[in-house]
Amino acid sequence: MTAYERIRRSLLFTLGGLGISHALPQSALQAQTAEKRGFVLGPTEGEHLVHFRDHGNIFLNIGAANGSDNLAMGTQQVMAGSGVPIHRHFHMDEAFHILDGSGDFILNDVHHPIEKGSTIFIPRNSWHGFANPDHELLLLWIVSPAGLDGFFRETCNPPGVPPKHFTHEQINEIARKYATEFR
């Protein structure tokens, strides 16, 4: 990726988060009523968070906060060299689609090369993580049932708020609330 492409991507993430850190569209807020309704999010809508560990952008689009207990979906920017530590979800199936970047995906201790366009399925209870030493990754993730969105809300911050700092045990304590554990 050229320097121009990195700057362009950073600008797009920043613009996508302006003014929407905690603001969900009215249609998403209506989903919290007793009768659940669908909603449509535009390209600049969703809840924008910044990851506590690598400061990558996370956008939460679907989850318990806007009416879906059975499914959560969002995007995550994983900065070059940071990866995603090996972990597992006790009750959630998870899928990823690689929107951009490349790296190594680890599923139950087996390494798989990944690149833009790759799709990954992780059944519940499977150990998994990412290594991306040379390239930033942009991931679309989906989990069922919802829960990962709650973990991100508890550990990450809106843009402009200083990052939270956690020990490995503190992260595992939070993760266990969402039926997840890290190695």
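**Figure 1. Surroundings of Val 143 in the predicted model.** Leaving aside neighbours within four places in sequence, Val 143 is in contact (heavy atoms within 4.5 Å) with Asn 70, Leu 71, Ala 72, Met 92, Asp 93, Glu 94 and Leu 148. Val 143 belongs to strand β10, residues 137–144; helices (H or I, at least four residues) and strands (E, at least two) are DSSP runs, numbered from the N terminus. With a relative accessibility of 0%, Val 143 counts as buried, a term that means under 20% relative accessible area, with exposed over 50% and partly exposed in between (1.4 Å probe, protein chains only). Ile 122 lies 21 residues away from Val 143 along the chain, and the C-alpha atoms of the two are separated by 9.4 Å. The model is a predicted one, in which local features need pLDDT of at least 70 and side-chain atom pairs count only at pLDDT 80 or more, while totals for chains, interfaces and linings use all residues. Residues are numbered from 1 along each chain as its sequence is written, and side-chain values use heavy atoms, with hydrogens and water left out.

**Figure 2. The open sheet of six strands.** The strand order is β1-β2-β3-β10-β5-β8, and the pairing is antiparallel; two strands pair if DSSP finds at least two bridges between them. The edge strands β1 (47–50) and β8 (119–122) each pair on one side only. On average, and with direction ignored, neighbouring strands of this sheet are turned by 20 degrees against each other; axes are lines fitted to C-alpha atoms, for helices over the stretch in contact, and angles run from 0 to 180 degrees between N-to-C directions. Four bridges connect β1 with strand β2 (residues 57–62) in the antiparallel sense, and His 48 stands opposite Phe 59 in β2.

**Figure 3. The open sheet of five strands.** Antiparallel pairing links the strands in the order β7-β6-β9-β4-β11. Because β7 and β11 (180–182) stand at the edges with a single partner strand each, one side of each is left without a neighbour in the sheet. Strand β4 (residues 84–89) and β11 run antiparallel and are joined by three bridges; His 89 has Thr 180 as its bridge partner in β11.

**Figure 4. The β6–β7 hairpin.** Six bridges pair strand β6 (residues 102–107) with strand β7 (residues 110–115) in the antiparallel sense. Asp 104 has Pro 113 as its bridge partner in β7. Two residues lie between the strands of this hairpin, and Asn 108 in the turn has a positive phi of about 50 degrees.

Figure 5. In α4 (residues 168–177) the buried residues are Ile 171, Asn 172, Ile 174 and Ala 175. These residues cover an arc of only 165 degrees around the axis, which puts them on the same side of α4; the arc is that of the directions from the helix axis to the C-beta atoms. They pack against α3 (148–155) and β11. The axes of α3 and α4 are 9 Å apart, and the helices pack at an angle of about 145 degrees. Ala 179, which follows α4, has a positive phi near 55 degrees.
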